[in-house]
Amino acid sequence: MYPDDAKKTFVLKGMGASPGIVMGKAYLFDRLDSLISFYTLNDTALVEAEIVRFRDAVAKSEKELLEVKNKLSSIGGIEPSYIIDVHIMILNDGAFMNNTMQCIRDMFVNAEWAIRMTVDKYREIFDKVEDDYLRKRFNDIQYVAQMILRNLAGKKLETVEDIGEGVIIIAQDLSPADTAQMKFDQVLGFATDVGGKTSHTAIVARSIEIPAVIGLKTLTKVVRTNDDVIVDGTSGVVIVNPDPEILHRYEEKKKLEREGKKEYLKHAQLPAVTLDQYRVEIGGNIEFSEEIPSAIANGAEGIGLYRTEYIYINREQLPTEEDHFASYRRVVGVEGLAWSTIRTFDLGGDKFFSDPKLAKEMNPQMGLRAIRFCLKEVDLFKVQLRAILRSAAYGKTKILFPMISGIEEIREAKSILHDVKRELTAADIPIGEDIEIGIMIEVPSAVVIADELAKEVDFFSIGTNDLIQYALAIDRINDRVSYLYEPLHPAVLRLVKRVVDVGHAAGIRVAMCGEMAGDPVCTMILLGLELDELSMHPLAIPKVKKIIRGATVKESKELLEKVMSFQSSVEIRDYVEDFMQKRFPSEFPEIDQG
Ligand code: PEP
Ligand code: MG
């Protein structure tokens, strides 16, 4: 053995994209560079042949993509198969093709080299894009380029199916086509260099419940195929070549997690009723309809938040009414779900959209976002509302308007909804009856005038992610101020309390669908506040339900009253964590480890 081959241990911290722990052999997916050779064409006669070679590789790539697309639709794969359309579009993009052929012609380089130059050109352009989401779309161009390079090298498309059983996929990035095929069970988990909140792979991984860590930056540089790897999607850590002691520790941790999960799932289908008979409705937050089976299995009684903006991602063209309708039909009226809350699209802010109508803003979180955008682009809004109303004919539906800051906005939104209803009815198109109308309470002004807003709607849903952002003036995606992001801040508790009290006084139900709803540390506080519905990421449901079933509202109110007398968020957090750990020791083993 050469000294180089001595296996070094690396511990890398990224972002947990999908919880759970796996250990296994690494498979470095698509280490493409080794396939590429660069050379110049020393005879002009070779130039046209090289162009034909390039065109053939493009045609082959397109054929492969179409095959993946067909396969995905036949297995009922991940919803965003339109991302494959985007890849096909890049393949057919005149600028990409022409630039590459121009390089071959003008510089006498082989197709591989020319592609590299084209990709570098795109990289330069994308690097200058300030919008984080758009900048990351460069990955799609890279993915397509790699596909052509692979075909130039005469390699067939590497798919997860080819890899063999039980490996952990390590990649720079994974396309939805890659991750979709992980449904076939060969893959234990995955870890990628890139990725963020908006990465498709993060969302997809959660929906198919494979542990995943993203944003590891240098992982593909330190790991080799067949290395031993631990992926801890719960803590966002990847360990390459763990020593026996680390391995043992993780085996124990995994066992605990597995036992805990089994235990939680036992109770997951039971109603969330406290020991003193207070009933909380439990919703699941989803981004794709593929998450519904997981939501039901984890104990969601309905969909408390369907974030519809994902329908808009990565599209050159806006989704049609039929596109919307097809998405909502997969969510509304599903057996096992008592209701579906469809939130009208919340684009702008940290949400993404490749339409110039959403111009770059200095301060996007406070910009033309969510309902504000909808009320400006009424035609676009109406397309979505028509589809929601039509799909509501198939099951209990609630419509939720995001980012309401004043009474005019909700009145205007309702009036547009009313117009759309009239148009559909006049055209004899069936629509749902008894649709409940609600608003997200996520702007502090909405809390202040909650009494007025309550007269306009059937329910409130508190979006703590934004409410905390705006109330505490903390950009929710800025790492540098994330230490200030505190759901247990006394101001946040008072805001939530006001919304619940005012909502109840007006006789309407109050839900919470921000991350706070799924944080088990906060569960008793929320019981004390008497929220009617908690909607959360499906994987968070079992633990929260278990706590609800093991607690009383009486003791929760006492806890709430106690912490409401504290002045600082640090005091509150310490007290609540300590309380919860003593009250539910098996649910909070990690808290005492700091
Ligand atoms: C929220 O703001 O709490 C919320 C649920 O909405 P989103 O995270 O989609 O902004
Ligand atoms: Mg929000």
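How many residues apart are Glu67 and Lys63 in helix α1? They are four residues apart, so about one helical turn separates them. In this predicted model, Glu67 forms a salt bridge with Lys63, with the closest N and O atoms 3.8 Å apart. Glu67 is partly exposed, at 47% relative accessibility. Lys63 is exposed, at 54%.

The structure holds 35 salt bridges. Another of them pairs Glu287 with Arg307, at 2.9 Å between the closest N and O atoms. This pair links distant parts of the chain. Glu287 sits in the loop between β10 and α11, and Arg307 in strand β11, 20 residues apart. Glu287 is buried at 6% relative accessible area. Arg307 is buried at 12%.

Arg369 forms a salt bridge with Asp346, again with a closest N and O separation of 2.9 Å. Both residues lie in the loop between β12 and α13, so the pair ties together parts 23 residues apart in sequence. Both Arg369 and Asp346 are buried. Shared partners join Glu309, Arg343, Asp346, Arg369 and Asp466 into one salt-bridge network.

A polar side-chain atom of Arg307 lies 2.7 Å from a ligand oxygen. For the side chain of Arg343, an N or O atom is 2.8 Å from an oxygen of ligand 1. A polar backbone atom of Thr464 is 3.1 Å from a ligand oxygen. Taken alone, ligand 1 exposes 290 Å², and the protein buries 99% of that.

Key. Residues numbered from 1 in each chain as written. Chains lettered and ligands numbered in written order. Predicted model: local features only at pLDDT ≥ 70, side-chain atom pairs only at ≥ 80, totals over all residues. Heavy atoms only, no water. Polar contact = N/O pair within 3.5 Å; in protein donor to acceptor, adjacent residues only side chain to side chain. Areas by Shrake-Rupley, 256 points an atom, 1.4 Å probe, with all protein chains shown as cover. Salt bridge = Lys/Arg side-chain N within 4 Å of Asp/Glu carboxyl O. Helix = DSSP H or I, 4+ residues; strand = E, 2+ residues; numbered from the N terminus. Buried < 20%, exposed > 50% of the residue type's maximum accessible area, 1.4 Å probe, protein only.
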